[in-house]
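Have the sequence and the 3D view handy as you read.

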Amino acid sequence: MNKKEFIASLRSGLKGLPQKEIEERVIFYSEMIDDRIEEGFSEADAVAFIGSVDTIISQIAPENQDIKEKKPKRKMGAWEIVLIVLGFPVWFSLLTAVFSVAISLYGALWAVIISLWAVFASFVACGFAGIIAGITFIFVTNPLTGVAMIGAGITLIGLSIFTFFGCHIATKGALILIQKTAIAIKKALTKKEAAK
């Protein structure tokens, strides 16, 4: 086996380890082979001197098994429990306040979105009502007032088109904001769990 084959086998055998550690091991054994070659060994003899790849991998695996094992959870001391219990009125009220503010902001955001859609719906309803009332006025009472009402109805329907696009963009933006906030919260919580 030559150096290139040895390094390739070593790399594939260490796949489960972190990349940094794989690179450190590969560099270490590569330098070891190079040192033997400088001492006068042939490349095949230098690789054979180090030993088989399987033996090296089996020696490295137990070392990393100890690192990979989960650390036991630290037990809380009595003084920590006392502090948590005594601090309950403070931390619980702060936690409740933060939760209440978050819920309020969420509700306010959707209240604005619903209000925008209500404006859109009222523009549409008033526009059609104005047109229908204008037609009625033209034939029943005052034609000039009827024409003005039809014009106002058409204007409101035109405004409703612009309002629709604004409402659509605002709703989409709110959903994106909520999604990004949820992802940020999830990442923060998973980082804390990973740190433990």
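## Around Tyr29

Leaving aside neighbours within four places in sequence, Tyr29 is in contact with Phe6, Leu10, Ile50, Ile56 and Ile60, where contact means heavy atoms within 4.5 Å. Keep in mind that this is a predicted model, in which local features need pLDDT of at least 70 and side-chain atom pairs count only at pLDDT 80 or more, while totals for chains, interfaces and linings use all residues. Residues are numbered from 1 along each chain as its sequence is written, and side-chain values use heavy atoms, with hydrogens and water left out.

Tyr29 also turns up in the largest nonpolar core, a set of 16 residues; Phe6, Leu10, Leu14, Tyr29 and Ile56 have the most contacts inside it. A nonpolar core here is a set of buried Ala, Val, Leu, Ile, Met, Phe, Trp, Tyr and Cys residues joined through side-chain atoms within 4.5 Å. H1, H2, H3 and helix H4 (53–68) each supply at least two residues of this core. Helices are DSSP runs (H or I, at least four residues), numbered from the N terminus.

## How the helices pack

Two packed helices are described by the angle between their axes and the distance between the axes. The axes are lines fitted to C-alpha atoms over the stretch in contact, and angles run from 0 to 180 degrees between N-to-C directions.

| Helix pair | Axes come within | Crossing angle |
|---|---|---|
| H1 (residues 3–13) and H2 (residues 19–38) | 10 Å | roughly 155 degrees |
| H2 and H3 (residues 43–50) | 9 Å | roughly 130 degrees |

H1 and H2 are therefore roughly antiparallel to each other. H2 and H3 are therefore oblique to each other. The cut-offs: under 35 degrees is roughly parallel, over 145 roughly antiparallel, 65 to 115 roughly perpendicular, and the rest oblique.

H1 passes H2 in a right-handed crossing. On the H1 side, the contact is made by Lys3, Phe6, Ile7, Leu10 and Arg11; the H2 residues include Ile22, Val26, Tyr29 and Ile33. The residues of this contact divide into seven nonpolar, two polar and five charged.

H2 also passes H3 in a right-handed crossing. Here Tyr29, Met32, Ile33, Arg36 and Ile37 in H2 meet Glu43, Ala46, Val47, Phe49 and Ile50 in H3.

Glu5 lies in helix H1. At 44% relative accessibility, Glu5 counts as partly exposed (buried is under 20%, exposed over 50%, partly exposed in between, with a 1.4 Å probe and protein chains only). The C-alpha atoms of Glu5 and Val47 are separated by 9.7 Å, although the two are 42 residues apart along the chain.

Terms used:
Left-handed = near helix turned anticlockwise from the far one by under 90°. Nonpolar A, V, L, I, M, F, W, Y, C, P; charged D, E, K, R; others polar.
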